[in-house]
Amino acid sequence: MAELGTTALRFIQLYGPLALLLFTFLETSMLFPLFPSEVVVPAAAALLIADPLSFLVFVGAATAGGTVGAFVPFYAFRGPGSSGLERFREWINVSKDATERGRRWFRRWGTSSVFWGRFLPALRSVVSIPAGLAGMGTIRFGAYTAVGTALFYAAVGAVVYYGRQRSLFAAAAAVATDRPALTAAVAVGALAVGAVIFGEYRRRERGSQG
């Protein structure tokens, strides 16, 4: 695992945002699920982010790769006629436990889990499978995935960028002070997550009482 992480970082160091895009694609597509993203992504942020422009490039590349990659398991498990990607199902290496965990979360929280699941290592990739099996709308799936993925990588990139110079607490305070637009976006995202989860909860409560 450590060797894979080192290889990924060397590749990112050589090829920059393009390598990051490929890495996030492979992670969320689960075609190569052994890369330790919790180590690689923060290290990639430290390598690639030097100023606001490179921050935007980092977030854009990671979001593009993560969003496109998520459609591979989504369509692979969606069923016959799903853009011809069902043949990739046998290439996706995911354990039965991980798949079942994703199904339980999706059954409990509904489509909102696609959004906030992008923040959780245990769900970031596997949540695409139950979304596909449930026949979730493609546009909604893509929107939830893109926004959740962008907010996740923006948060990682911001903390790493400021954390290189300050403590974690000071880094978070610096982000809030120096980047109010980013802070507002994260806050809006958090509120959106809460609103969506609350809406799903109320809908399920009404359904159980009906």
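So, F115, F119, Y144, F152 and Y153 come together as one aromatic cluster. Before I go on: this is a predicted model, where local features need pLDDT of at least 70, side-chain atom pairs count only at pLDDT 80 or more, and totals for chains, interfaces and linings use all residues. Residues are numbered from 1 along each chain as its sequence is written, and side-chain values use heavy atoms, with hydrogens and water left out.

How do we describe a ring pair? By the distance of the centres and the angle of the planes. Here, rings of Phe, Tyr and Trp (its six-membered ring) pair if their centres lie within 6.5 Å; planes under 30 degrees apart are stacked, over 60 edge-to-face, and the rest tilted. Searching the whole structure that way turns up ten aromatic pairs. Take F119 and F152: their ring centres are 6.3 Å apart and the planes sit at 85 degrees, so that's edge-to-face. This pair links distant parts of the chain, with F119 in the loop between α6 (112-116) and α7 (128-133), and F152 in helix α8 (residues 138-163), 33 residues apart. Helices, by the way, are DSSP runs of H or I with at least four residues, numbered from the N terminus.

F119 comes out partly exposed at 31%, while F152 is buried at 14%. Another pair is F74 with Y75: centres 5.3 Å apart, planes at 65 degrees, so edge-to-face. Both F74 and Y75 are buried.

Now, salt bridges. The rule is a side-chain nitrogen of Lys or Arg within 4 Å of a carboxyl oxygen of Asp or Glu, and by it we get two. One joins the side chains of E27 and R124, at 3.2 Å, N to O. E27 is in helix α2 and R124 in the loop between α6 and α7, so the bridge ties together parts 97 residues apart in sequence. Both E27 and R124 are buried.

R107 and E100 make a salt bridge too, at 3.3 Å, N to O. R107 is partly exposed at 48% relative accessible area, and E100 is partly exposed at 30%.

On to helix α5, residues 96-109. What span should its 14 residues have? The expected span is 1.5 Å times one less than the number of residues; that gives 20 Å for α5, and the end C-alpha atoms are 20 Å apart, which agrees. A98, T99, G102, F106 and W109 are buried in α5. They cover an arc of only 115 degrees around the axis, which puts them on the same side of the helix; that arc is taken from the directions from the helix axis to the C-beta atoms. On the other side of α5, K96, D97 and R108 are exposed.

M30 sits in the loop between α2 and α3 (37-48), and is buried, with a relative accessible area of 5%.

Methods: Buried means under 20% relative accessible area, exposed over 50%, partly exposed in between (1.4 Å probe, protein chains only). Helices (H or I, at least four residues) and strands (E, at least two) are DSSP runs, numbered from the N terminus.
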